Amino acid sequence: MLTRPGHLYKKLGFEKIFLIVLLLLSFLVRVPGLGYSHYYGDEIKTLYLDKTITASKFLLDQRKGPVQFIVVWVMEKISGGYDEAWIRLPFAFASVISVIVFYFVVKKLFGKNPAYYSTTIYAFSGFSVAFGRTAQYQSFLMLFGFLSILFVLLSIENRKRIYLPIAALFWVLSVYSHYDGVFFLIPAVLFYTQSKGDLITFIKYFFFPALLLLLPFYLPYILKGYLASNTVNYVSRRVSGSGYLPNNSAYTVAVYNPFSLFFILTLPGLISFFAKGNRKIYMVQIWFVATLGFYEVFIKNPGTHIQNYLVPLLILSGYIISISGKYTRYIASVLLPLYIGISFYTFVPSLNTGYPWKQSNVLGLNLNKIEKKYQLFLYGFPYNRGWDQIKVYFDKKKDVNGVYTNDNDSYADFYLRGFAYTRPGPNFLPRYYVHILDSQEIDNPKEDFLSANGEKYNLETEFYTDGTKVSQIYKLLN
């Protein structure tokens with residue numbers, strides 16, 4: 001016998017129904033078509049391809065903590081290869097779970113209503129969804145960071161110190177995911193310490209256990225020079241902006257969240273600074289300002305790391321929306337379904353119409369192809385240009401003595417591994433040129449390669465994905 005909607009509502013209550021729907025939609029925007037896109041450059045770096053290198057050396061010889069590499073390696077063992085869907089699956093699940101944990105964090109801080117708004121904005125924000133569809137650290141960073149804060153809040157609520165070592169463990173896992181985990185220490189300290197005694201307790205039950213758990217990896221990482229050889233130079237370039245196009249964080253946010261609804265929904269978070277607050281509000285504001293200051297003042301090219309200061313802003317926005325007048329709540333309630341729909345059309349391959357790589361149409365509205373006038377790090381957007389088909393094509397040939405492409409070099413190195421990827425030189429042209437339409441490189445000068453050498457190359461074959469031409473192979477004339 002079917003339960004009528006009214007009876008179901010009375011039985012479960014709004015909160016449970018909200019969480020069930022939120023969980024389902026969060027899953028549907030992250031998991032379907034998970035294996036559609038090729039690996040992005042940073043995803044390829046997570047793969048343990050060279051087994052002549054020991055696992056310990058592979059894990060230490062990285063710019064980031066070991067979590068993403070271990071997760072990918074485990075999935076490689078389980079699946080028996082490097083299938084994109086299998087490798088990305090745990091990251092997608094971590095992203096979905098982070099949504100639920102985030103809800104309970106906000107609920108512990110400000111109650112159910114702020115949590116409804118904040119969590120919905122977070123669940124379908126461009127960064128959260130994009131990284132939920134890629135094999136990178138961000139999903140685990142957020143999951144472990146939120147869990148750390150949640151257990152700090154549980155410790156406060158229940159007056160039980162035992163929760164602090166658990167919070168420390170999750171915080172360490174966030175730092176093992178990426179150094180950005182350090183910023184979750186800000187709210188943890190602020191929420192817990194209201195007196196000198198609280199600070200001593202926090203140091204004893206959180207900081208010291210965390211330090212002991214960090215040492216097994218980061219002590220050899222520092223002492224053996226991996227930090228100096230891999231991380232210091234990279235961080236210094238991000239700090240100075242050297243070698244990158246100019247940064248524009250607002251533009252980055254807009255690319256990941258088209259139609260500006262994200263800006264509208266997070267505007268209340270900024271308005272919170274002009275409204276009367278309480279201690280918890282001030283703590284979240286400090287968390288936001290401190291993280292914002294680091295990434296927008298100290299770091300000249302923060303890229304997608306700006307997600308770290310957007311998290312507290314979402315919490316502030318949900319709180320302000322929930323305490324505002326009925327018209328504000330009505331506007332938010334009308335915008336959120338549209339916001340969710342745009343998220344689906346932006347990131348789910350079966351719904352995406354080409355954005356951001358080419359001019360496209362979403363929900364009847366035109367979206368322009370992105371321009372690379374600012375530095376952009378693009379992850380999670382549907383991107384399949386037939387590299388699997390290209391690999392099969394070359395496998396059948398016997399004269400592949402060099403390949404060049406206008407796409408990201410990492411793609412050719414990975415998907416055509418076994419074939420020589422060679423750049424053209426003054427007296428040398430590669431035997432094959434793979435031309436990608438709407439390349440991820442966008443305005444890369446390699447687009448001019450054919451026009452400069454067009455008379456020396458002949459179009460040999462073309463490849464299609466879902467009925468659309470996506471790539472071509474040109475062969476050097478003898």
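Helix α10 (residues 185-192) and helix α11 (residues 196-223) come within 9 Å of each other, axis to axis, and cross at roughly 135 degrees. That makes α10 oblique to α11; angles under 35 degrees count as roughly parallel, over 145 as roughly antiparallel, 65 to 115 as roughly perpendicular, and the rest as oblique. On the α10 side, L185, A188, V189 and Y192 meet D198, T201, F202 and F206 of α11, where contact means heavy atoms within 4.5 Å. Sorted by class, this contact has six nonpolar, one polar and one charged residues. Here Ala, Val, Leu, Ile, Met, Phe, Trp, Tyr, Cys and Pro are nonpolar, Asp, Glu, Lys and Arg are charged, and the others, Gly among them, are polar.

A word on the ground rules. The model is predicted, with local features needing pLDDT of at least 70 and side-chain atom pairs counting only at pLDDT 80 or more, while totals for chains, interfaces and linings use all residues. Residues are numbered from 1 along each chain as its sequence is written, and side-chain values use heavy atoms, with hydrogens and water left out. Helices (H or I, at least four residues) and strands (E, at least two) are DSSP runs numbered from the N terminus. Their axes are lines fitted to C-alpha atoms, for helices over the stretch in contact, with angles running from 0 to 180 degrees between N-to-C directions.

With helix α5 (residues 84-110), the axes come within 11 Å and cross at roughly 55 degrees, so α5 and α16 are oblique to each other. F102, V106 and F110 of α5 make this contact with V311, I315 and Y319 of α16; the tally is six nonpolar, no polar and no charged. Helix α14 (residues 261-271) packs against α16 at an angle of about 80 degrees, with the axes 6 Å apart, and the two are therefore roughly perpendicular. Among the residues in that contact are F262, L265 and P268 of α14, and L310, L313 and S317 of α16. Its residues divide into eleven nonpolar, three polar and no charged.

Two helix residues show what sits around a buried side chain. S139, in helix α8 (residues 138-158), counts as buried at 4% relative accessibility. The cut-offs are under 20% relative accessible area for buried, over 50% for exposed, and partly exposed in between (1.4 Å probe, protein chains only). Leaving aside neighbours within four places in sequence, S139 is in contact with F91, A94, S95, F131 and G132. I342 belongs to helix α17 (residues 326-347) and is buried too, with a relative accessible area of 6%.

Most residues other than glycine have a negative phi, and most peptide bonds are trans. A cis peptide bond, however, joins Y355 and P356, with omega about 5 degrees; P356 lies in the loop between α17 and β1 (360-362). D438, not a glycine, has a positive phi of about 55 degrees and sits in the loop between β4 (432-436) and α20 (449-453), partly exposed at 26% relative accessible area. D466 also has a positive phi of about 55 degrees without being a glycine. The loop between β5 (457-465) and β6 (468-476) holds D466, which counts as exposed at 67% relative accessibility.
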